[in-house]
Amino acid sequence: MSSRDVELVIVDDANEVAAVTAERLARAAGEGGNVVLTGGRTPKQAYEQAAKEAPDWSKVELWWGDERCVPPDDERSNYGMAKKALLDNLDEAPGAVHRIKGELGKDKAAEGYEQELDDTQLDLLLLGIGPDGHIASLFPNAPTLRQRRRVLPAEAGLEPFVDRVTMSLPTLRSATEILFVVAGEDKADAVRHAFVEEPGPATPASLIRSDRGRTTAILDRAAAARIGG
């Protein structure tokens, strides 16, 4: 199924969303390239499964689309979650792990990550969608939606209310393949706004489509409940 330049893949439940995502990640591990991870409960499950399906990630370099400005061992850290779910369970580690150093504060961390990212071509980008339609740490109608630097300091629009660092809209859209990973009935309105209705800054997810490749959304039936009407 397609809607506004996005391939919609609808599966039964969150477990199946995680399984489909894990399968794509396992394939990426074999192909290699630059893979951008996201936070969230369903991605966490996908990372755990992907580590079992593909224990060798030596061909991959890992990045993060956004991070909270907390230490890497903080329970709110996207890196910390991925480390426990994926990295700690691999036989062969990624060729490089590019962590956003949120503990430095949003301005220094954003500047450092932008320098590290430089002109890297992103191959596979995972994104969740918040109930408000936000992606990464780009929140509805936020000034960051108009900024063009590759990496930006940002403020929280939802809990946890801590400063953030996020890739910008142009950076996210530059990925060759974008994969939305979305589960739960609390996301149904945001999914409709993102993939059916006219795009706009009130729903940042509606502004994300790959400029040069493919955009796919893996949705469970609860998240997809309102896309048809």
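Ala136 is buried, at a relative accessible area of 12%, where buried means under 20% relative accessible area, exposed over 50%, and partly exposed in between (1.4 Å probe, protein chains only). The structure is a predicted model, in which local features need pLDDT of at least 70 and side-chain atom pairs count only at pLDDT 80 or more, while totals for chains, interfaces and linings use all residues. Residues are numbered from 1 along each chain as its sequence is written, and side-chain values use heavy atoms, with hydrogens and water left out.

Ala136 belongs to the loop between β7 (124-127) and β8. Helices (H or I, at least four residues) and strands (E, at least two) are DSSP runs, numbered from the N terminus. Although Ala136 is not a glycine, its phi is positive, at about 50°. Asn141 is found in the loop between β7 and β8, and its phi, near 60°, is likewise a positive value in a residue other than glycine.

The largest pocket has a volume of about 940 Å³. A pocket is an open set of points, on a 1 Å grid over the protein atoms alone, with protein on both sides within 12 Å along at least five of seven lines; a cavity is a set of points where a 1.4 Å probe fits but cannot get out, and lining residues have an atom within 4 Å of a point. Grid points are joined across faces, edges and corners, and the volume is the space filled by probe spheres set on the points. The lining of the largest pocket consists of 43 residues, and Gly39, Gly40, Arg41, Arg68 and Asn78 lie nearest its centre. Two or more lining residues come from each of α2 (41-53), β5 (66-68), α3 (78-85) and β10 (177-182). Of the elements, α3 gives the most, with six residues. By residue class, the lining holds 15 nonpolar, 12 polar and 16 charged residues; Ala, Val, Leu, Ile, Met, Phe, Trp, Tyr, Cys and Pro count as nonpolar, Asp, Glu, Lys and Arg as charged, and the others, Gly among them, as polar.

Helix α3 is largely enclosed by the rest of the structure, because six of its eight residues are buried. These are Asn78, Tyr79, Gly80, Met81, Ala82 and Ala85. They pack against β3, α2, β4, β5 and β6, with contact taken as heavy atoms within 4.5 Å.

Glu67 lies in strand β5 and is buried, with a relative accessible area of 2%. Apart from neighbours within four places in sequence, Glu67 is in contact with Arg76, Ser77, Asn78, Tyr79, Ile100, Asp163, Arg164 and Val165. Between the C-alpha atoms of Glu67 and Ala46 there are 19 Å in space, the two residues being 21 residues apart in sequence. Ile100 is placed in the loop between β6 (96-97) and α4. Ile100 is also buried, with a relative accessible area of 2%. Not counting residues up to four places away in sequence, Ile100 touches Trp64, Asp66, Glu67, Ala109, Tyr113 and Val165.

Helix α4 (residues 106-117) has 12 residues, which at 1.5 Å a residue should span 16 Å, and its end C-alpha atoms are 16 Å apart, in agreement with this value. The expected span is 1.5 Å times one less than the number of residues. Its buried residues are Lys106, Ala109, Ala110, Tyr113 and Leu117. Seen down the axis of α4, the buried residues fall within an arc of 100°, so they line one face of the helix; the arc is that of the directions from the helix axis to the C-beta atoms. The buried residues of α4 pack against β4 (60-64), β8 (151-154), β9 (164-167) and α5 (169-173). On the face turned away from the buried side, α4 carries the exposed residues Lys108 and Gln115.

Thr38 lies in the loop between β3 (33-37) and α2 and is buried, with a relative accessible area of 8%. Leaving aside neighbours within four places in sequence, Thr38 is in contact with Pro43, Tyr47, Met81, Leu126, Leu127 and Gly128. Thr21 lies in helix α1 (residues 14-31) and is buried, with a relative accessible area of 1%. With neighbours within four places in sequence again left aside, the contacts of Thr21 are Ala46, Leu126, Leu179 and Val181.
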